[in-house]
Amino acid sequence: MEAILVDCVHNSLRNFMIKNSIFLCERLCAEFPSEINMQLLASCYLQNNQAYSAYHILKGTQMAQSRYLFAISCFQMDLLNEAESALCPANEPSAEIPNGAAGHYLLGLIFRYTDRRKNAVHHFKQALSMDPLLWAAYEELCILGAAEEANAVFGDAAALCIQKQYFHHGLASPNIHMCNEDHNSVSARNFGSEGNSPRQLKQTQGNNLRDIPGNYHGASMMGGAATQPLNSGSSNMSFYSTPSPMATQLSGVAPPPLCRNLQPNGPNLSALSADSSPRSTVNSTIQAPRRKFVDEGKLRKISGRLFSDSGPRRSTRLAGEAGAITSMGATTVVANGISNSSRYLGGSKLSSAALRSVTIRKGQSWANENLDEGIHNEAFDDSRANVTSTTSSSFPTGDTRSLEGGANVPIGGVVMNGTRVVTGASEILVLLRTLGEGYRLSCMYRCQDALDVYLKLPHKHYNTGWVLSQVGKAYFELVDYLEADRAFSLARRASPYSLEGMDIYSTNLYHLKEDMKLSYLAQELISTDRLAPQSWCAMGNCYSLQKDHETALKNFQRAVQLSSRFAYAHTLCGHEFVALEDFENGIKSYQSALRVDARHYNSWYGLGMIYLRQEKYEFSEHHFRMAFQINPHSSVIMSYLGTALHSLRRSEEAIEMMEKAILADKKNPLPMYQKANILVSLENFDEALELLEELKEYAPRESSVYALMGKIYKRHNMHDKAMLHFGLALDLKPSATDVATIKAAIEKLHVPDEFEDL
Amino acid sequence: MATETSESEEEGKISGGNPQLIVDDDLREMAKKAAWSVSSCKPGNGVSSLRDDNLDSYWQSDGAQPHMINIQFQKKVKLQLVVLYVDFKLDESYTPSKISIRAGDGFHNLKDIKTVELVKPIGWVYISLSGNDPRETFVNTFMLQIAVLSNHLNGRDTHLRQIKVYGPRLNPIPQQPFQFTSREFITYSFVR
């Protein structure tokens with residue numbers, strides 16, 4: 001009975017009939033209360049966005065996978081302390097972190113959000129070393145400013161790592177790599193202690209493989225259940241070099257007895273694979289520990305594992321947090337199908353959830369693969385048709401042990417040979433290297449370099465929503481709003497359903513003062529997803545452009561409510577508070593933004609501006625300097641830093657800074673103007689006049705330039721020139737205050753000079 | 001600035017009114033955080049009707065003339081324009097005819113800065129506070145008082161439907177002597 005129930009649950013999950021699966025699973029747990037079943041139930045709850053339920057049932061559990069699921073639920077409920085103690089219990093400092101790379105990733109996120117940057121960085125790096133295709137971890141490292149060069153991270157070591165994983169996987173029993181593995185009691189094949197699991201995936205654990213061979217052949221196949229070809233050849237196929245077309249049909253690489261369980265998975269899965277593949281981000285699945293292995297004798301159930309927690313989906317939506325997701329996503333990527341049915345489900349769910357980042361994971365999901373050896377499986381045979389059995393010599397790592405019995409690694413039911421693994425891995429890594437380097441450079445605000453890197457991508461990757469919006473962001477940071485606009489609109493066309501980067505697009509339109517486009521964008525985004533912070537940010541920008549700051553503020557606050565971990569929403573709230581002259585709340589908002597992301601230089605800038613207005617020049621200089629350190633290429637920040645320095649009477653430094661700013665961006669007229677201002681206050685009028693003459697060429701319709709020149713001429717008592725310039729300034733329709741000032745200045749012109757004939 | 005229809009310069013007569021409220025972009029409404037009070041009112045038609053953005057609700061005074069509306073700010077503000085919504089067709093003898101605007105630090109030192117006479121106004125009436133001198137474009141004050149000295153057809157009490165007070169916007173870039181007007185400058189002048 002237990003087996004049947006589990007199978008049903010998996011089936012329902014696979015078909016997204018969550019309520020059904022919850023119901024059945026609850027009966028299962030009532031009938032056979034065991035921790036494994038609890039885990040299955042928890043994953044059902046997580047799928048259904050009921051993190052609180054999962055939290056309650058898993059509270060206090062000790063199995064690694066349970067702890068992992070528990071940590072995910074805590075994370076979603078924002079109980080970061082509990083999540084942390086679940087993942088690394090305080091009284092067992094040397095306990096293994098469950099789920100390997102996934103666990104480290106989650107732990108990294110927890111540390112990041114509780115302000116412990118070093119630990120976060122450490123864990124993300126660990127995650128990456130365990131699973132080099134875990135893009136999300138690399139992304140987080142870039143955001144924290146601690147990423148190493150992509151070439152190093154996604155380089156040869158990574159290739160080796162992946163290859164080893166493949167082969168180890170091949171030997172291991174089918175396991176789900178997914179982080180939220182739901183180890184069904186059914187499929188649990190214990191390989192020994194639970195603690196082992198995380199280790200198994202580590203490349204170096206060859207031992208497992210040795211242990212396995214015996215057991216392996218029989219039950220391991222069960223993993224095969226999921227060898228559903230993901231994405232039956234849809235767009236993903238183009239990414240991967242691997243898969244043999246067979247993979248698509250293969251469903252169960254399961255040993256004959258298990259086969260029947262698996263079959264049904266086939267059709268379902270393929271349907272699900274309609275993935276949002278265009279995303280070129282790559283997330284790798286976490287190497288789920290092969291923990292529980294289905295025991296030969298009993299398992300039949302293999303199939304349904306599901307997992308994909310809703311957690312990942314939601315988290316991604318919420319800002320791509322839980323790394324777990326990636327594993328889910330990963331499966332989708334496995335175009336070649338191997339996914340364990342569960343895995344697959346996870347994956348497909350993810351894709352269907354319109355995950356923004358698609359994981360392109362090749363190897364990891366092939367948990368099921370079985371190193372061929374003596375497994376007689378009809379299903380297999382088909383898939384194997386294409387695969388040639390090669391010798392392990394093709395495998396560069398020289399880890400021939402694992403390749404005994406032929407370098408055939410069953411992947412997705414297709415037995416792949418070693419070379420294909422190698423080439424596949426290296427291709428993915430090449431892609432990741434480029435994307436990673438581009439992302440890292442744009443996080444360091446070396447935007448021009450980032451753009452060059454992105455251009456190296458092949459067209460099919462470049463023309464995807466994610467890449468184009470990164471390109472747009474890079475242009476935006478270079479203050480090249482027109483190019484950014486172009487890139488973003490291409491991104492919209494490439495993936496109209498994606499919200500990633502659309503907040504920056506809306507700000508870009510705000511800068512360009514394109515209110516029609518902006519309001520259209522905002523409407524579209526809201527109709528696509530009312531619960532995404534980006535949509536409300538766009539809406540808020542729309543109102544702000546029309547100077548309706550109160551409504552804009554409300555919209556930004558809504559965005560904050562929807563996702564308090566979305567730093568930009570806080571920053572925009574801050575900007576609106578400042579426009580409404582509510583400086584206290586502005587400061588609070590900017591500080592919340594900084595709490596989420598300390599490298600958000602806009603918030604540092606915002607704080608600097610507030611202090612500048614309040615004439616607290618020391619604070620202002622400090623904040624601008626912080627912004628400058630984060631983004632040393634921004635001429636705007638430099639010019640404000642200069643202004644702050646000038647207000648502190650450190651005019652020498654101020655002028656230096658202005659000159660830097662002028663050099664940094666030739667198109668920015670402001671530093672020249674500010675420099676002229678400083679020179680005027682230093683009474684260095686001639687230089688100032690020179691500068692202003694230059695500026696006149698560049699921006700002939702800028703009234704303040706003429707006004708300042710008029711002021712200078714007035715000081716020199718060159719009244720006709722002064723008059724001329726004031727007149728020009730007035731013609732250019734400055735604001736009312738300035739009109740008043742200029743007119744007053746004109747009046748005063750007459751006073752000292754009786755000879756003037758005006 | 002605001003459009004005024006047929007104002008005669010010597011006496012400050014304003015006839016008619018604008019059906020629409022249109023003000024320049026560089027003006028903003030200043031009195032949201034000010035304290036509004038009135039000299040008298042009929043229950044149900046109190047001071048809140050002056051600020052509720054509803055042209056159907058009005059303030060009705062209930063005492064002797066002159067009727068006063070006091071606006072007190074928390075700090076000295078620069079004001080440039082006062083806009084009233086009145087409707088002769090609906091209010092007839094309740095429509096104000098002579099209005100005086102006073103400014104000062106408090107009740108003790110209010111000084112008359114503008115007097116206008118309205119002639120059958122229907123709609124928004126713009127009253128600029130600027131003097132002729134460019135140095136007097138703005139009135140820098142803690143308090144503004146709008147006094148209704150007399151009504152049309154010699155009515156005793158008055159109706160006012162809405163009042164808005166405008167002043168210049170702050171320079172978005174602090175520490176600058178002048179505001180920027182051209183696109184190139186404005187684009188580079190802030191980070192969002």
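Predicted model: local features only at pLDDT ≥ 70, side-chain atom pairs only at ≥ 80, totals over all residues.
The surroundings of B:Asn171 can be described first. Buried means under 20% relative accessible area, so B:Asn171, at 16%, counts as buried. Beyond its neighbours within four places in sequence, B:Asn171 is in contact with B:Gln176, B:Phe178 and B:Gln179, and also with A:Arg613 of chain A. B:Asp26 is 145 residues away from B:Asn171 in sequence, while their C-alpha atoms are 9.9 Å apart in space.

For residues 601–634 of chain A, the end C-alpha atoms lie 10 Å apart, and the span is 79% helix and 0% strand. For residues 703–736 of chain A, the end C-alpha atoms lie 12 Å apart, with 79% helix and 0% strand.

Charged pairs come next. Side chains of opposite charge can pair when their charged atoms come close. Over all chains, the count comes to 24 salt bridges. One of them is formed by A:Glu576 and B:Arg192, whose closest N and O atoms are 3.0 Å apart. This pair joins two chains, because A:Glu576 lies in helix α31 (residues 567–579) of chain A and B:Arg192 in the segment after α2 of chain B. A:Glu576 is buried at 0% relative accessibility, and B:Arg192 is buried as well, at 5%.

Within chain A, the side chains of A:Glu621 and A:Arg650 meet in a salt bridge with an N to O distance of 3.9 Å. A:Glu621 lies in helix α34 (residues 617–630) and A:Arg650 in the loop between α35 (635–647) and α36 (651–664), so the pair ties together parts that are 29 residues apart in sequence. A:Glu621 is buried, at 9%, whereas A:Arg650 is partly exposed, at 30%. Both belong to a network of salt bridges that also links A:Arg625 and A:Glu653.

Another salt bridge is formed by A:Glu659 and A:Lys675, with the closest N and O atoms 2.9 Å apart. Here A:Glu659 lies in helix α36 and A:Lys675 in helix α37 (residues 670–681), so the pair ties together parts that are 16 residues apart in sequence. A:Glu659 counts as partly exposed at 36% relative accessibility, and A:Lys675 counts as buried at 9%.

Conventions: Residues numbered from 1 in each chain as written. Chains lettered and ligands numbered in written order. Heavy atoms only, no water. Helix = DSSP H or I, 4+ residues; strand = E, 2+ residues; numbered from the N terminus. Buried < 20%, exposed > 50% of the residue type's maximum accessible area, 1.4 Å probe, protein only. Contact = heavy atoms within 4.5 Å. Salt bridge = Lys/Arg side-chain N within 4 Å of Asp/Glu carboxyl O.
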